[in-house]
Amino acid sequence: GLAAPIAVATRYGWLAALVTAPLAPFLIVPLAPRGAGRYGMCGFAGSSIALIVASFFASGLAAAVPPALLALYLALVASLVLNFALAVLSDPGVIDPPRRDRVVNIVRLARAGDLQHANLCPTCLVDKPPRAKHDPTLGKCVKRFDHHCPYIANVVGQNNYLYFYLFLVFVVLAIALHLLLVLPRLRLRACFAARDPPANACLLDQSHALLAVATALALVHLVWVSALCCVHTSLILRDTTTYETMRMHHRPHPRPDHPQPASCCATAARNARNALCSSDPPPGRRDSSASPVPADLLNA
């Protein structure tokens, strides 16, 4: 009498585990050390990539994919991983001058009566260039600050914005191709019938649990990453940042020696070049001999 229920539980019991799995983080998070959340979402992003790609090969569906599409899939995944690593590990544009330069800047601004928040960061005491902002997570100012992204455990700024944007683009392309290759071969029943080709996979079978979880995860990621990619494409074409948009900061009008392009396409191309390929000029070297700094300040 119990043979049939046991067989059903053995075959489909993983579905119950999948439903209760979201409760696990609520039990683990209180035990994590303080500050670990900064890297938790980054680990989630990396493990999601690994899970989705692993499910594609572990299910055996890769064998039924034409070699050209498989090569394209691997190229997109490699580009995704490369830009993800560069976005995580690159310096976003931290402003960290030597202590002597900080003192010189403070004295110069004080003598000019220009000790304002827009020019001097009150936290790290550096002369901020335009569009820079202090990030409390790093504890330093970042050039062309966009936002702090928990999924790369890093600030998105002037030096790594290109890597971050390409990471979003390749996530959308790789997941879209993954779903195009996987979804037509998924079955919910009659998985073991003789008429089914071996390239098909049953989502309700325990042997394909990894594929079922990865497919659901890929669908969720495709929706929100596509939306985020569209938002940043709009920001790039308007030459603005997430922080400036949230604070409703407006970009200044172009200077007379940099006239506005005549067409919208030229404007968008210039804005994209400024956001992705150019960098703000470094602060000019100041002649400290013209306005000597007291020795007690430099030696303090």
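1. A handy term to start with: a crossing is left-handed if the near helix is turned anticlockwise from the far one by less than a right angle, and right-handed if clockwise. The crossing of helix 6 and helix 7 is left-handed, and so is that of helix 4 and helix 6.

2. A word on what you are looking at: this is a predicted model, in which local features need pLDDT of at least 70 and side-chain atom pairs count only at pLDDT 80 or more, while totals for chains, interfaces and linings use all residues. Residues are numbered from 1 along each chain as its sequence is written, and side-chain values use heavy atoms, with hydrogens and water left out.

3. For the overall picture, the chain has ten helices and seven strands; these are DSSP runs numbered from the N terminus, helices being H or I with at least four residues and strands E with at least two. Of the 300 residues in the chain, 35% are buried. Buried means under 20% relative accessible area, exposed over 50%, and partly exposed in between, with a 1.4 Å probe and protein chains only. Among contacts (heavy atoms within 4.5 Å) between residues at least 6 apart in sequence, 65% join residues at least 24 apart.

4. Two packed helices are described by the angle between their axes and the distance between the axes. Here axes are lines fitted to C-alpha atoms, for helices over the stretch in contact, and angles run from 0 to 180 degrees between N-to-C directions. Angles under 35 degrees count as roughly parallel, over 145 as roughly antiparallel, 65 to 115 as roughly perpendicular and the rest as oblique.

5. Now for helix 4 (residues 67-89) and helix 6, whose axes are 8 Å apart and pack at an angle of about 150°. The two helices are therefore roughly antiparallel to each other. From helix 4, the residues making the contact include Leu-72, Leu-76 and Phe-84, and from helix 6 they include Phe-167, Phe-170 and Leu-177. By class, this contact has 18 nonpolar, three polar and no charged residues. Ala, Val, Leu, Ile, Met, Phe, Trp, Tyr, Cys and Pro count as nonpolar, Asp, Glu, Lys and Arg as charged, and the others, Gly among them, as polar.

6. The axes of helix 6 and helix 7 (residues 209-237) come within 8 Å and cross at roughly 140°, which makes helix 6 oblique to helix 7. The residues of this contact divide into 20 nonpolar, six polar and no charged.

7. Do look at two residues of helix 7. His-221 lies in this helix and is buried, at a relative accessible area of 10%. Beyond its neighbours within four places in sequence, His-221 touches Phe-44, Ser-48, Ile-52, Ile-175 and Ser-226. Leu-237, also in helix 7, is partly exposed at 42%.

8. Leu-89 belongs to helix 4 and counts as exposed, with 72% relative accessibility. Between Leu-89 and Ala-153 there are 9.1 Å from C-alpha to C-alpha, although the two are 64 residues apart in sequence.

9. Finally, Gln-158 sits in the loop between strand 5 (154-156) and helix 6 (161-182). Gln-158 is buried, with a relative accessible area of 12%.
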